[in-house]
Number of protein chains: 2
Amino acid sequence: MDRERQQELREKDRQYVWHPFTQMKDYAAQDHVLIEKADGIMLYDADGKSYYDTISSWWCNVHGHGNPRIKEAIRRQLEQFDHIMFSGLTHQPGIELAEQLVQVTPDGLTKVFYSDNGSTAVEVAIKMSFQYWQQIGQQSKTNFVFMENSYHGDTIGAVSVGGVDLYHAMFKPLLFNAIRVPSPDVRQLGNERTPEREAALVADALDAVRTLFRERAHELAGIIVEPMIQAAGGMVIYPAAYLRGLRELCAQFNVHLIADEVATGFGRTGRMFACEHAGISPDILCLSKGLTAGMMPLAATLCREEIYAAFYDDYATQKTFFHGHSFTGNPVACAVALESLRLFRDEAVLEQSQAAANTLTEQMNTFTSLPHVADVRQLGMIAALDLYRDPETRTPFASDLRIGTRMYHAGLAEGLILRPLGDTIYYWLPLCTTPSQIEDIVERTQRVLRQVTAPLS
Amino acid sequence: MDRERQQELREKDRQYVWHPFTQMKDYAAQDHVLIEKADGIMLYDADGKSYYDTISSWWCNVHGHGNPRIKEAIRRQLEQFDHIMFSGLTHQPGIELAEQLVQVTPDGLTKVFYSDNGSTAVEVAIKMSFQYWQQIGQQSKTNFVFMENSYHGDTIGAVSVGGVDLYHAMFKPLLFNAIRVPSPDVRQLGNERTPEREAALVADALDAVRTLFRERAHELAGIIVEPMIQAAGGMVIYPAAYLRGLRELCAQFNVHLIADEVATGFGRTGRMFACEHAGISPDILCLSKGLTAGMMPLAATLCREEIYAAFYDDYATQKTFFHGHSFTGNPVACAVALESLRLFRDEAVLEQSQAAANTLTEQMNTFTSLPHVADVRQLGMIAALDLYRDPETRTPFASDLRIGTRMYHAGLAEGLILRPLGDTIYYWLPLCTTPSQIEDIVERTQRVLRQVTAPLS
């Protein structure tokens, strides 16, 4: 694209667009990257410069950009029919996707309720759990529990169960009351991490839940959790033992376990779903992002049969779940999701990405010796580290240094789309990333890291 | 599709899918219609039987199904790039669509914030309005006002400003407190409707708002309204004078006017936006459904420059609008929306649909002489009527008769997708519907109506 046209588009971008999660004033001085092409893990700007999409376009992309089978699936579906209503009417892609989701997700989830994005998948879960208890005669069970540092989306219901104050504190007067429990964030152990101390920290976090449940389970509808990794809260990877403990407590005290696998689902953590690391099944499961391989909006909330059964009655009993969105079960999105699942099978995507994940492990180890780096961690194709002025004592950089933002800008110059969360630098790689691409990404990142931190040392 | 395959899919549908807004037990006895093809206003089931999509697949479809230019726009965009993140990165379809939305919407709206569906467009509006007042030092302005009978979506924030108890009452403990004002529903006048009485009813409804604003404007962030027609609340078409009055009151008392044109936008009411009937501009505008011509999920929330400006500051001042969804600004959806706007221009869609709307007026008049019919009403390509046991006295049918559901089933046999709201029968036609199609639809509907009501008379 010629420079004049680029300039025109950039001006219009500033004039008309309000970008998400963006302080638009930051953008006065620094152009957004104008993308013109995407292929595999690579994005190309309007000058033809390439960037690694190291965060899979907000943790969505699975098989790389421009996958020919996905494009063909869209074309094929459009030849049949485009969007139709999913109430009163039904269609093959919506039905077959539901069947396959029930098959690939953890055991015991039997019904699929579609919506459009992660936030709505969580809203559906909350409303479903809430209405369930009302309809089985336990009307006092109206409260929800969430974890410190958790993030479940940006609609008011999802924000109400969010634990990251930066995103949530402002809207307090609009939120319903929910109860916060501690995160089993093993980084709290600092340099004192041992398996024993980790186990003790998990036990303490579970004790807090147990105490709460013992006192108030009769008022609690559900607890919502990001299995294995609290992503937006700082890529907090925690032990599977916590999930196993939570599953037991929820069963014992009759509280729904709601697993938000919007980010972790579809292979990113090395298993198809993060719950598999703990060998558990939730009562309600939220999916989006990777569901369509990151191509287009679609979400699903799955639940156990007993939840569905509590809504299934004569119309006059008024037990219908009155929730829906115009584009629920969009046939094109369902066709894409089906093709993505076929790709998982035909190309043994999970098995293939294991080799890449092993390379990522090796490569992440090379960060540990770099200055300012602490808490290098990884799960499947996700890896993260934290930057500190003094990593020994976990003394942070002054916040006005905006280390993460500096890493972002320096990353662009090195051909990397990084998007640090505060001073946490992370990768969230497409499953198609090859070992040699990972080596290249890490090498570039380490150049960026040295460049950003050297003047501050 | 052969019968065996159909049977298999229907069984899987019942086994795996939880459809939106559906009492699934209703579906035990009656199959959902399995759609296999769609073209223009017609849907075709797996036996090849055709149905008029008289409600535009939940009020979404604009140019008919399978429009070749829309399909080509999707193909073209996929050849360039599929989904990429819209933060830090930007792209031509997202930018150009924002520019065009600012141009085609009512004056004074300058910035576009994308999301995925009507509910999220409303959530964005609520959070934007709320945070605005916090940031300009009017922290007490935290409450929202909504109209009786209104519907703004199904996420917790949207439900909080909803006025249809069937959808909303159940979730009361999760909702924020919002203030209900009367709907200027002129049907309340029954057979006594005259222009003078309508004007008085509108004046009363505005008086209620004025009284509220006078007492509590210092606590009010915004009032949300469906311009001209409360759709899910029963296709309540109200006088434009109400909107003009509301616009004045909001300006006078410094309360945001939030227009939810998710359903009414993009030509359905005979104007590009329903606000144009009253010649007003809101402070915040919510769009979805017709935005992509009903093809795929996309939404936008537009606002005035002064709202945007209250968030534009140095990052450290913490005024960033922390809201976003993974698929925000999806390039394919933006490309579709751009193509739809090109279709509006190239094919003079609004002008063309005027002829159809005139036919609809004539045809709707033929309902008035039928038994059980009252309050025949119309606005552009939307038309509705109510069924009563005795229309003179507005005595309803017994609710367990489920007249609407009977109309739906009898409609299917006559090749119509009707989806009554209670005993309100309505059309929400694609703008491509031709006059002769309208005549055919009305003729079939009248057959259905006679068939359903005759045994009840």
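These questions and answers set computed values for a predicted model against the definitions behind them.

Local features here need pLDDT of at least 70, and side-chain atom pairs count only at pLDDT 80 or more, while totals for chains, interfaces and linings use all residues. Residues are numbered from 1 along each chain, chains are lettered from A in the order written, and side-chain values use heavy atoms, without hydrogens and water.

Q: What is the area between chain A and chain B that is called buried?
A: Buried area is the accessible area (1.4 Å probe) that two parts lose on being put together, summed over both. For chain A and chain B this is about 11,200 Å², with 65% of it on carbon and sulfur atoms. In chain A, Tyr16(A), Trp18(A) and Phe322(A) lose the most, together 8% of what that side buries.

Q: Why is the pair Lys25(A) and Asp314(B) called a salt bridge?
A: The term asks for a side-chain nitrogen of Lys or Arg within 4 Å of a carboxyl oxygen of Asp or Glu. The closest N and O atoms of Lys25(A) and Asp314(B) are 3.0 Å apart, so the pair qualifies. The count between chain A and chain B is 8 salt bridges.

Q: What makes strand 4 of chain A and strand 1 of chain B a pair?
A: Two strands pair if DSSP finds at least two bridges between them. Strands themselves are DSSP runs (E, at least two residues), numbered from the N terminus. Strand 4 (residues 89-90) of chain A and strand 1 (residues 33-39) of chain B are joined by 2 bridges, so they pair, and they run parallel. Leu89(A) stands opposite Val33(B).

Q: Why do strand 5 and strand 7 of chain B stand at the edges?
A: The open sheet of chain B has 7 strands in the order 5-13-12-11-8-6-7, with mixed pairing. Strand 5 (109-115) and strand 7 (178-181) of chain B each have a single partner strand, so one side of each lacks a neighbour in the sheet.

Technical notes: Helices (H or I, at least four residues) and strands (E, at least two) are DSSP runs, numbered from the N terminus.
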